[in-house]
Every structure is written in structure tokens, then in C-alpha cells.
Amino acid sequence: MTSLKPLRTYVLLNNLANSLINPFVSFFAASNGIIGSQLAIVSSAGTTFPGIMQYILANLRVSAKKLILISTLIAGLLWISIGAFVIFNSTFVLLYVLITLCWGAAGFGWLLILDKVSVTARGRTLAYYNFYGYIGGLIATLITGFIVGDELYLMRYFFIIGGLIYLINVYIIYHFDVDVGMVKSKARLFTSNPEIRKFLLINFTFTFVWAMAWPLFPLAQVYKFHMNELNIAILNLIAGISTIALQRFIGTLVDRHRKYVMFFGRFALATFPFAYAFSTSIYEVYLANIVSGFTNSASISYTAFLFDNSSYYEKRINIALFNMLSGIAALAGSTVSSSIVTLISSRLGLVTAVTYMLILIGILRIMTSFLYLKVSEKT
């Protein structure tokens, strides 16, 4: 019988490494003067480039395990290089894009393996592995924020530590005995399933609106609330604790009421732009971040929907399409909002321009979330 202990260890270490770094990347970039289109790229890169990479990989002959091994190794070396050579300028943006491409490759291999070990109960199993991931991340994020605080240059050491943990994970996954062979298929350019096509269009529309706020959050954090990295860590700690509390319960709901979990999970995302727009202190933003527990946990419903509504032959291409289209929508939404803020900030001032845009985005998130009620669940 296959032991899943190495897989759990991989998830825990992967989240530990990411939690030392990722919650601070957009804030770190904005604090170092990276704004406009470059900040839009940084804030959306984690969605955009993994999705594009996964679509490219959908028809290549390579094993899922090799994808995870090679991409994790490259990402680890890149993080170490950023920290060792103190790369905090525009080159940071380029290397971060390369790292997110590696995430895409590793994530695709991970999804294929996860699909193999979660056949009988999608929601509960996906929640189970995400639960393991959040545990290590909470303490790691708080440690980074507490040590760095206002001294942003100290992030270089956490880039190096995160990279080293990635390299340890290369060894861990090498000894995992579950693999999925990715055989080149004759998959269409687009799915033949009309329900999946509708779902992809709905998700593309919402993700465009969702991502419009991403480059605005770090601007609000830096210029409106004057946060430091400890504040960012506390925000992520609140979100993490809330997620751990709700993850397994939401996983059970996903198996019973998937469509409504998808809808409310998107609807609740309007909380965050409204919080940044209307809050008068950082403590109100902290309070709003409790909602992250639900929105983070609900994210497994979208993957579960794809798994269960795709045929065996189209499952991989549908996963790849979902991630690629989400990535394109994210980059487009981030770029559009950054451009609009750049245009109107000369008249209104940066903080006022960001505030008005966040109010508009919150309204749009509510409106587009209702589209998920049009999705038909598999019976």
C-alpha cells in the first residue's frame, strides 16, 4: 500500500517555504518603488504564469513526479539567487515570473497526483491536504513579519531560507512512490463539454474583476495604511487561522452543495476591496480578513467541479484551460486597474484613486459572483 507520508511532508514544507516569502512579495515590490505595469505583473504572476505553463504542459510526454522535481529545484535556486545577490529591482520581477512558471509546472504535476489519490471524496481529500499546508505556513509568515518589520532588506535571508526548503523538498518528493504518467494526448484546443465551457467563461469573467484589486492592495497597504511586514504577517495569520478552522467543514459542503459554495466563495471576496476602501484603521482590515477562512476554503470547489465534470480524456486539458484562462484574466484585470489608477491619480491623488477603484471593484465582484449560480452540477 502506498504511503502518503512523503506527500504530506511535501505539502507542509512547500507551504512553509511559500509562507516565508509569498505573502510579502507584492508589498515588498511596492515598498521598493515597483509600481504601474510591473506591480500588476508581480501581483498577478502567481495566477497568470502557472496557468500558462500548465496549458503548455498538458500535451507533453513527462511524468507528474518529474515535473514537481525539476520545477521545485529551479524555483529553489532562483530564490537563493535573489537573496544572495540582493536582487530587489526590475530584475526581481523577471526572476519572480520565472519562479511562478515553475510553480505552474509543479502545481500541474501535483494536481494530477492529487486526482489519483482523491477519487472517492474530492472535497474532503483536497481539504485534508490543504489543511496540512496551512499549519506550517502560519508560524512561518509570522516569523518573517516579526523579524523583518520595517527593515525590508532582511527579506533577502528569507528568500534564501525559502529556496533551501525547496531543495529539501526535491529530496522528499524523489522518494514518493506515486506517479502519474503524462502521455501526449489528442486533446482539443478547447473542451468539448458545454458545461465546462460555460464554467470557464464564468470563471474568466470573475477572475478579471477579482484581479483588478490585486495591485491596489499593496498600494493601499504602503501609502494609505503605512503598514510594515509585521502587519502583513498578521493579516495572513488571521486568514490562516480562519482557514484552518473552516477548511474541513467547507470540504464536506463542497461534496454536498458545490454550486452554492462556489457562489458564496466568490461573493464573499467583495469583503476585501470594501475593507481597504472604507476602513479608517488597520484593525478594521484585520477584522475583515477573517472572511479569508471561507474564501480560501471554498477555492477547492472549483478544482473539484473540474475533476468530476470532465471525461478521463479531457480532464488534463480542462485543468490546464482553467488555469491558463484564469491566468490571462488575472494579468488583464491587474493591468487594466493599474492603468486606470495611474491615469486618475494625477488628478485625485494616489490614495483617493485607489479607494474609488476598490469600491468599484467590490461592486463588480458581487455582480459577477452571481454567474456561478448558472453552473449545473453533475448528477
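I started at Phe 159: skipping neighbours within four places in sequence, I found it in contact (heavy atoms within 4.5 Å) with Ile 21, Phe 28, Trp 79, Ile 80, Ile 82, Gly 83, Phe 88 and Phe 92. A reminder to myself: this is a predicted model, where local features need pLDDT of at least 70 and side-chain atom pairs count only at pLDDT 80 or more, while totals for chains, interfaces and linings use all residues. Residues are numbered from 1 along each chain as its sequence is written, and side-chain values use heavy atoms, leaving out hydrogens and water.

Next I looked up the cores. A nonpolar core is a set of buried Ala, Val, Leu, Ile, Met, Phe, Trp, Tyr and Cys residues joined through side-chain atoms within 4.5 Å; buried means under 20% relative accessible area, exposed over 50%, partly exposed in between (1.4 Å probe, protein chains only). The largest core has 108 residues, and Phe 159 is among those with the most contacts inside it, along with Trp 79, Phe 199, Met 227 and Tyr 276. Helix H5 (residues 90–117) gives this core its largest share, 16 residues. I took helices as DSSP runs (H or I, at least four residues), and strands likewise (E, at least two), numbered from the N terminus. Another core, of six residues, lies apart and includes Ile 250 and Ile 300.

Then the rings. Rings of Phe, Tyr and Trp (its six-membered ring) pair if their centres lie within 6.5 Å; planes under 30 degrees apart count as stacked, over 60 as edge-to-face and the rest as tilted. My search of the whole structure gave 24 aromatic pairs. How far apart are the ring centres of Phe 199 and Phe 305? They are 4.6 Å apart with planes at 35°, so I noted the pair as tilted. Phe 199 sits in helix H8 (residues 194–211) and Phe 305 in helix H15 (residues 300–309), 106 residues apart. Phe 199 is buried, at 0% relative accessibility, and so is Phe 305, at 1%.

I also checked Phe 206 and Tyr 372: centres 6.0 Å apart, planes at 75°, so edge-to-face. This pair joins H8 to the segment after H17, 166 residues apart.

Last, helix H9 (residues 216–224). I found seven of its nine residues buried, among them Phe 217 and Gln 221. Their cover includes helix H3 (36–57) and helix H16 (315–348). Just after H9, His 226 has a positive phi of about 55°.
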